[in-house]
Amino acid sequence: MKNFHPELIFFIGFVSFSLFQDSAASVVSTGDFNKDFFVIWSPTHVNTSADGQTRSLKLDQESGAGFASNQMFLFGQIDMQIKLVPGDSAGTVLAYYLTSDQPNRDEVDFEFLGNVSGQPYILQTNIFADGTDNREERIYLWFDPTKDFHTYSVLWNIHQIVLMVDMIPVRVYRNHGEKGVAFPRWQPMSLKASLWNGDSWATRGGQDKIDWTKGPFIASFRNYKIDGCVWKGNPRFCRAASHANWWNQYSSSTLTSAQRRWFKWVRKYHMIYDYCQDTQRFHNNLPRECSLPKY
């Protein structure tokens, strides 16, 4: 064979192997909070079981608490079972979210707003894209989230972000980047959870304050699963629709017909605030995505 260069063949093989390694950077979490997360705030208010399978956060007059994933991800699906603060939890906020922690940050939020005993829990969701938020939606949960654990999930891919409660879609934010709508697609994000004092705004606009005599306030976590593209410095590998990056494949590009029915049910019977309907707030100039399809 003319012009045979073994070093070239070796180089091509090495590059191919490297590309495969990076593109297959999907991780299924260990299920051990001590291995996959670190405490970012008030370790004395974080309690983890001996086997690492469950973790709780405590809020009292001294402090709240929080933890974050060791890895950062660009796309994937994250599931976490959470049991919310029981009883009179007015003024408390449990946040469970993805964030890039950059000045122009991307962020996907679940915020559980505490309530007066007997009132339904409010779930507020929000999306930050390229540093801009103001995309709040609120729903009443259709069950008591303090009695048992329920699963709260984020599916994040190049097509859409879907927030789910027990696998029922409650929020969809579609990638309309080609139409000038910002979408989180370049910045890797870590998973965080925190429990804190939000009584300046969380319950009835701040009218109901935390009753510290009802504390300490405790929220619990277990059975999490992180299946995402671990950030290794190059977004190209995470944006590919490969076997490892299953979330980017066509089957995950939009809601299924069954998911659409559930999504419509949530919005019809449980939604209490949608920024896309708040013309007064936006002075009759709603954000561009409000006029575009969600699926």
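How many bridges join strand 7 to strand 8? Seven, and the two strands run antiparallel. This is a predicted model. Across the whole structure, a search finds nine salt bridges.

**Strand 7: burial**

- Thr-92, Leu-94, Tyr-96 and Leu-98 point one way from strand 7.
- Val-93, Ala-95, Tyr-97 and Thr-99 point the other way.
- Both sets are buried.

**Strand 7: pairing**

- Strand 8 covers residues 107-113 and is antiparallel to strand 7.
- Leu-94 has Phe-112 as its bridge partner in strand 8.
- Strand 14 also pairs with strand 7 in the antiparallel sense, over eight bridges.
- Within strand 14, Ser-194 stands opposite Ala-95.

- Asp-88 and Lys-214 meet through their side chains in a salt bridge, at 3.6 Å from N to O.
- Asp-88 sits in the loop between strand 6 (73-83) and strand 7 (92-99), and Lys-214 in the loop between strand 14 (190-197) and strand 15 (217-230), so the pair ties together parts 126 residues apart in sequence.
- Is Asp-88 buried or exposed? Asp-88 is buried, because its relative accessible area is 18% and the cut-off for burial is under 20%.
- Lys-214 counts as partly exposed, at 46% relative accessibility.

**Salt-bridge network around Glu-137**

- Which residues are linked in a network of salt bridges? They are Glu-137, Arg-171, Arg-267 and Asp-274.
- Arg-171 forms a salt bridge with Glu-137, with 3.3 Å between the closest N and O atoms.
- That pair links distant parts of the chain: Arg-171 is in strand 13 (residues 168-174) and Glu-137 is in strand 10 (residues 137-140), 34 residues apart.
- Both Arg-171 and Glu-137 are buried.
- Arg-267 also forms a salt bridge with Glu-137, and here the closest N and O atoms are 3.4 Å apart.
- This second pair joins helix 4 (residues 257-269), which holds Arg-267, to strand 10, which holds Glu-137, across 130 residues.
- Arg-267 is buried, as is Glu-137.

Terms used
Residues are numbered from 1 along each chain as its sequence is written. This is a predicted model: local features need pLDDT of at least 70, side-chain atom pairs count only at pLDDT 80 or more; totals for chains, interfaces and linings use all residues. Side-chain values use heavy atoms; hydrogens and water are left out. A salt bridge is a side-chain nitrogen of Lys or Arg within 4 Å of a carboxyl oxygen of Asp or Glu. Helices (H or I, at least four residues) and strands (E, at least two) are DSSP runs, numbered from the N terminus. Buried means under 20% relative accessible area, exposed over 50%, partly exposed in between (1.4 Å probe, protein chains only). Two strands pair if DSSP finds at least two bridges between them.
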